[in-house]
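Me: I'm new to this one. Can you take a look and walk me through it?

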Amino acid sequence: MVDPKFLDTNYLVRNVAICTSCNNHLTPINQETKGRTSGNRLYACKSDKCKQLRIKAEVFDNVLKERIRSELNRFAGTSLVNKIKIGLNNDIDKLNKKYKIIQDGIEQNNKKQREIEYKIHKLTHLEFSENNRNFIESFTLFKIDLSKKVEFLEQELQNISKQKELINEVLTNENYWLPIINALKKQREDICKHEWRLLVTEIVSAIEIKKISNQKFKVEVRFKYDLPSFQFTHNEALEEKRGTQYLLF
Ligand SMILES: [Zn+2]
């Protein structure tokens with residue numbers, strides 16, 4: 001479930017947009033003056049080597065809204081829900097496989113522990129010698145190591161169970177997806193800020209951005225649930241021009 005606070009942002013792709021050069025999330029920066037008369041809201045890469053990656057947030061958000069919506073509307077309505085369900089079932093399958101592998105790992109570790117216990121047991125019943133004592137010590141340390149490993153693996157199993165629970169109880173529940181599906185059906189202007197953000201956080205897994213030249217970027221939008229990703233070139237200057245024209249007519 002998405003924290004409502006997480007939805008309340010003026011930056012549509014906050015924590016979703018990634019700089020492909022350094023793999024860091026882009027940081028929202030507000031350079032607007034009071035009353036928004038000048039300056040821009042930006043997404044910027046803060047890593048030292050690629051500080052020059054800066055995208056104007058408003059233009060970029062608008063372009064993404066249009067692109068994401070038209071892409072998702074290809075699977076609109078039930079078809080999108082089905083896609084999501086298939087994706088979630090695949091996730092559950094993957095988690096089940098991982099669970100089984102970890103369970104096997106725990107079993108192997110337990111078997112090793114029993115063997116070591118038996119060796120220690122035998123050694124303690126032999127006549128005392130310096131060598132024996134050293135062996136017992138090493139075996140005991142090994143045994144402790146193994147039990148720590150088992151503890152860690154058991155924690156992993158719990159994490160997997162929790163993830164499965166979330167998928168089963170929340171994500172596969174159709175009511176959870178209804179607001180998103182309904183938002184997609186609305187007119188562009190009628191989709192509110194929260195709904196856009198919900199769409200982006202729930203369906204988009206990452207937006208990868210690479211600077212081509214000044215104000216030109218290669219953008220790849222990756223979706224969750226095995227929905228096909230798509231690419232486009234974002235020409236900021238052109239989109240800014242188009243944006244003003246859109247407002248004029
Ligand atoms: Zn970067």
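Me: How many bridges join strand β3 to β4, and which way do the two run?
Reply: This is a predicted model. In it, β3, residues 41-44, is joined to β4 by 3 bridges, and the two strands run antiparallel.

Me: Which residue in β4 is the bridge partner of Ala44?
Reply: Arg54 is the β4 residue bridged to Ala44.

Me: What holds strands of a sheet together in general?
Reply: Strands pair through backbone hydrogen bonds, in a parallel or an antiparallel way.

Me: New topic. Where is Gly243?
Reply: Gly243 sits in helix α7, which covers residues 236-248.

Me: What does Gly243 touch, leaving out residues up to four places away in sequence?
Reply: Gly243 touches Val59 and Asn62.

Me: And how far is Gly243 from Val63, in sequence and in space?
Reply: The two are 180 residues apart in sequence, while their C-alpha atoms are 9.5 Å apart in space.

Me: Why does Gly243 count as partly exposed?
Reply: Because Gly243 has 15 C-beta neighbours inside 10 Å. Buried would take 20 or more, and exposed 12 or fewer.

Technical notes: Residues numbered from 1 in each chain as written. Predicted model: local features only at pLDDT ≥ 70, side-chain atom pairs only at ≥ 80, totals over all residues. Pairing = 2+ DSSP bridges. Helix = DSSP H or I, 4+ residues; strand = E, 2+ residues; numbered from the N terminus. Contact = placed C-beta atoms within 7 Å.
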